[in-house]
Amino acid sequence: MSERAWQRLEEWSRDLPSVGVFTDIDGTLAPIVPTPDMSEVPEKLRSTLSILADRCAIVAGVSGRTARDAYDLLRLDGMVYFGNHGFELLRDGAIWVIPEARPYRETVEHLERRCREELGPLGAFVESKGITASIHYRNVPPEVGERCREFVTREGERLGLRITVGRGVVEARPPVSADKGTAVRRLVEEYRPKRALFAGDDTTDLDAFRELRRLRDTGALKEALIVGVESEEGPPEIVREADLVVDGVEGVGSVLRLLARGAAS
Ligand SMILES: [Mg+2]
């Protein structure tokens, strides 16, 4: 199967204006490092992406980070950045928040302020993410963590927000359906590539994998290619659902370089 996938990439490379490239960032374009602010995208990969951004229908970074944060990692103006789990898009220097989420902006800000007052003094870190809020409690005693989960859940739900608890973090977001899948759908509908790939390494990328397949099955895309980045921490579905499995950021580089070869001819 992977032989066939490489062959398809080769075919796609001959018609780059018809191709959409969608990719996760952390663990896919940037190796995983101890803290997110240490992340870096290898220079060689950046220049490949820059070539593709010039020639393809669209090249987009799709990330759980804020769109601004995603941009800062890549600093490529030809790309677009869908951040905050599908809630916001950055292109040409401006941030666009999905319309359904906009009415909740003040509510999220209000919750953030309350968390700063109540949980900040206990040692929790309240991250400003704009349309969503993240309260981190990894570096505080367990009872403070519990207090954070309790407080954010109670206050957030009272305000009508959706609360999710992750590893050392509790997050609040508008009660609106948004994820990497809805992000990819919006971009395909707007930029209309004929064929598209998505590369990702983690659970939230599976939404994009499945949406890309749906787009193909319903005819919005002629072809779709799912690139799974294999890692020890990623869920098994990444490998199971992929058309092409690659090893780490280096493997993603090979895929993109093969595609970019078409730009030279
Ligand atoms: Mg990732």
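Biologist: Is Arg173 buried or exposed?
Modeller: Arg173 is buried, at a relative accessible area of 14%; buried means under 20%, exposed over 50% and partly exposed in between, with a 1.4 Å probe and protein chains only. This is a predicted model, in which local features need pLDDT of at least 70 and side-chain atom pairs count only at pLDDT 80 or more, while totals for chains, interfaces and linings use all residues. Residues are numbered from 1 along each chain as its sequence is written, and side-chain values use heavy atoms, with hydrogens and water left out.
Biologist: Where is Arg173 found?
Modeller: Arg173 belongs to strand E9 (residues 169-173). Helices (H or I, at least four residues) and strands (E, at least two) are DSSP runs, numbered from the N terminus.
Biologist: Which residues is Arg173 in contact with, leaving aside neighbours within four places in sequence?
Modeller: Arg173 is then in contact with His85, Phe87, Thr132, Leu161, Arg162, Thr164 and Ala178, where contact means heavy atoms within 4.5 Å.
Biologist: Turning to the metal, what coordinates the magnesium ion?
Modeller: Asp24 (OD), Asp26 (O) and Asp201 (OD) coordinate the magnesium ion at 2.1 to 2.2 Å. Donors are N, O and S atoms within 2.8 Å of the metal (3.2 Å for Na, K and Ca); water is not among the atoms, so sites may look incomplete.
Biologist: What spacing do the donors follow along the chain?
Modeller: The donors of the magnesium ion follow D-x1-D-x174-D. Asp26, in the loop between strand E1 (19-23) and helix H2 (43-55), and Asp201, in the loop between strand E10 (195-200) and H7, link distant parts of the chain, 175 residues apart.
Biologist: And is Asp201 buried or exposed?
Modeller: Asp201 is buried, with a relative accessible area of 8%.
Biologist: Next, the helices: at what angle do H6 and H7 pack?
Modeller: Helix H6 (residues 180-191) and helix H7 (residues 205-217) pack at about 40°, with their axes 7 Å apart. Axes are lines fitted to C-alpha atoms, for helices over the stretch in contact, and angles run from 0 to 180 degrees between N-to-C directions.
Biologist: Which residues make the contact?
Modeller: H6 contributes Lys180, Gly181, Val184, Arg185 and Val188, and H7 contributes Asp205, Asp207, Ala208, Glu211, Leu212 and Leu215.
Biologist: Finally, where is Glu3 found?
Modeller: Glu3 is in helix H1 (residues 2-13) and counts as exposed, at 64% relative accessibility. The C-alpha atoms of Glu3 and Ile98 are separated by 39 Å, the two residues being 95 residues apart along the chain.
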